Structures are given as C-alpha cells and as structure tokens.
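Let's take a friendly walk through a protein model, one part after another. Have the sequence and the picture ready as you read.

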Amino acid sequence: MSTEAARPLAALAMLPGIEAQLLTPDARERLESMVELVDPAAVDLTALPPEMLAGIEIVVGGWGCNALDDALLAQMPKLQLLAYAAGSVKHTVTPGTWARGVVVSSAAAANAVPVAEFTFAAIVMIAKDVFRIRDRHRETRGRESVIGIGPTGELGARGLRVGVIGASATGRLVIARLATLDASVAVSDPYLDDEGASSLGAALIDLEDLFSWADVVTLHAPALPSTHHLVNAERLARMHDGAWLLNTARGWLVDTDALTRECAAGRLNAFVDTPDPEPLPSDSPLYDLPNVVLTPHIAGSLGNEISRMGDLALDEVRRFLAGEPLAHEVRAEDLGRIA
C-alpha cells in the first residue's frame, strides 16, 4: 500500500473562507501530507454525500463547525479525531462525541495568546490613565497639562494591584506577563490552591477580598452556570473608588446593568471587550461615558493571529497519527470548567 493511499480521509468543517485564514500555504501543505481532504475548501458536513461522510476519520474544525451530535456521528462511523482549530469547543461536541470514542482537542491555548497580550496592554494603558489623558489632550490641544487628571492623580504600574479572576490558559498568560511589571498580582480560582497560585507568580485570594483589594480586576473565567453575573452589584460595590473592571472573557460574567450604574456614577471605570448583550444596544450609556473603554470583541485571534490556531490543530493531527498523546486534549469531564 502506498503512503498516498494510507492517508486518512479528513474534512475542514468550518465557515467558508475560514480555512484560508487558519492554514498558511505551508500549513496546508503539511496537512495534505498527512491526510486526504474530501474538499480543499471548508465544508458543511451535513451536505456531504453519505458515502463520503462515512469514510471521514479526522475533522479539522473551526468557527461554524457542525455540532457532532448523535445523528451526525451515526453517519460517521470511522471518525476518530476532532482537531478544533478555534477557542471554545463546547458548542461543537456532545456527550455522544466521547461515547463513540472520538478524541477531541482544542486550540483554546493558541487563542489565549492574543487575549493575554491585549489584556496586558490594556492594563499598562489603564495604569498610565491613557484613555482619559487622550481625551483631555484632544480637548486642550496642547494648551495645558493633562497629566494626573484621574480620580486619584496616581499614574504608573509601580505598586498597581491587579486581581485576576480565573487561572485559565489566558489568566495564566496574563499573570506571566504581569511579572514584567513592578505590580502586585493576586488570583482567585476555585480549582487553585496556594501552592498552585505561587507557582504562577500570584497570591491566592478569596473572590470577595479580591474585589476589595484590586486596583484592576481582570476577568478570565469560563461562562458556566455558576459564573453567570459573577461580577454583580454587591461585588462591584466592594471595589474602591477609581478602580477598573477589565473584561476580555465573556459578557456572561458581568451584570451589565450594575456595571453601568457604577460607571455612570463615576465611581468605577471599565474596559469591556466582551459585553452582555453583544453588541450592546445603541442607546447604552457605556458608549458615551468618559470612564469606559469599549472595543468590539477584538482581544481574541484576528488577522494573522488566526493561523496560530491552525498550526496548533495540525500539530495535534500529527501527534494523533503518530500515536502520541495530544498536547491539548479535551475530555468529557473538562466541559464543566472550560470556556
């Protein structure tokens, strides 16, 4: 049997055009050296002929991938691997995915990189009060000093207290980057102990105490039933005047009405990349408040960052075909604690 004939049949299951962003020319060449694609372009699995669907052993998924439910899996008896080249795999897998022995991996670790970079950059900008200074500088057009106009008049990251909620892949990368600042870092996560937090370079702190302690609270927890409105009115009230809430995780975590009240009163500041609802209604006061920075969900992978997730997925395909353990496997029991 030739090497060509031995390649397993695979499909790129994602929205049309996404495959071109996920796979650089080198990555596509590498993929096609390992598998035989049913189509060089992205496909809708449910639109494939039954005989083709029945032969697929590997699915490289992405945004828009079909949900691997019982009905679809019944038509794919040879499927062995879902290498998901995007962040959260929760809406693609079902209990039946694992029940049928399909191995699952996710590129969430690759997507965490740009989110952590964005978050770190935002914290540095917050410490310098960049957003208010920018607005004031635009108004005065150089006619007067605009430095130190924030609520406390304190600028700089030295001594900044940053509270990280969630020791997720992103949260851990943020903590690592914060180590380059002369700042104090604390973390709150129900799955972390003192030793684990210390190994990350942070102090473990109770969630309620974190809100009272931090100058900046940055969110990196998953969207779970238990984390809905984790940031509620009571916890926001614990934050000191002039503190910042930074959300690059999920809008689900924050009571938007409570946050709006605090920001409208001028007591707290917010940097929100992932609001709830998303997008915010056009009449939301958050768009116009000078102490609020809104960005349209851009912290995650964009542009040339997307191919990092494709590279990770291809590395998982290689490991799987070589009989090696996956580096980013997702198991059924993980679903209750991942984003």
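This is a predicted model: local features need pLDDT of at least 70, side-chain atom pairs count only at pLDDT 80 or more; totals for chains, interfaces and linings use all residues.

## Getting started

Two strands count as paired if DSSP finds at least two bridges between them.

## The whole chain

The protein chain holds 14 helices and twelve strands. Its C-alpha atoms fill a box of roughly 75 × 45 × 35 Å, taken along the principal axes. The chain has 339 residues, and 50% of them count as buried. Among contacts with a separation of 6 or more, 64% are between residues 24 or more positions apart.

## The five-stranded sheet

Strands of a sheet pair through backbone hydrogen bonds, either parallel or antiparallel. Which kind of pairing do we find in the sheet of five strands? Its pairing is parallel, the sheet is open, and the order is β2-β1-β3-β4-β5. Strands β2 (36-37) and β5 stand at the edges with a single partner strand each, so one side of each has no neighbour in the sheet.

Now find β3, which covers residues 58-61. Strand β1 (residues 9-13) runs parallel to β3, and four bridges join them. Here Leu12 has Val60 in β3 as its bridge partner. Strand β4 (residues 81-84) also pairs with β3 in the parallel sense, again over four bridges, and Gly61 stands opposite Tyr84 in β4. Are the faces of β3 covered or uncovered? Both are covered: Ile58 and Val60 on one side are buried, and so are Val59 and Gly61 on the other.

## The seven-stranded sheet

Seven strands form another open sheet, with parallel pairing, in the order β8-β7-β6-β9-β10-β11-β12. Its edge strands are β8 (203-204) and β12 (292-294), and each of these pairs on one side only.

Five bridges link β6 and β7 in the parallel sense, with Arg161 opposite Ser184 in β7. Strand β7 (residues 184-188) is mostly covered, as four of its five residues are buried. Four bridges join β6 to β9 (residues 216-219), and these two strands run parallel as well. In this pairing, Val164 stands opposite Thr218 in β9.

## Two nonpolar cores

In soluble globular proteins, nonpolar side chains tend to be buried together. Which residues have the most contacts inside the largest nonpolar core? They are Ile165, Val217, Leu219 and Leu245, in a core of 29 residues. The elements α11 (207-213), β9, α13 and β11 (269-272) each supply at least two residues of this core. A second, separate core has 28 residues, including Ala116, Ile126, Ala127 and Ile175.

Let's look at Ile165 in detail. Leaving out residues up to four places away in sequence, Ile165 touches Ser188, Leu207, Leu210, Phe211, Val217, Thr218, Leu219, His220, Ala221 and Leu230.

Glu262 is found in helix α13 (residues 256-264). Is Glu262 buried or exposed? The cut-off for buried is under 20% relative accessible area, and Glu262 has 15%, so Glu262 is buried. Not counting residues up to four places away in sequence, Glu262 touches Leu236, Ala237, Arg267 and Leu268.

Arg100 is found in the loop between α6 (95-99) and β5 (103-106). Its relative accessible area is 46%, so Arg100 is partly exposed. Apart from neighbours within four places in sequence, Arg100 is in contact with Asp70, Leu73 and Ala74. Lys78 lies 22 residues from Arg100 along the chain, and the C-alpha atoms of the two are separated by 9.8 Å.

Methods: Residues are numbered from 1 along each chain as its sequence is written. Side-chain values use heavy atoms; hydrogens and water are left out. Buried means under 20% relative accessible area, exposed over 50%, partly exposed in between (1.4 Å probe, protein chains only). Contact means heavy atoms within 4.5 Å. A nonpolar core is a set of buried Ala, Val, Leu, Ile, Met, Phe, Trp, Tyr and Cys residues joined through side-chain atoms within 4.5 Å.
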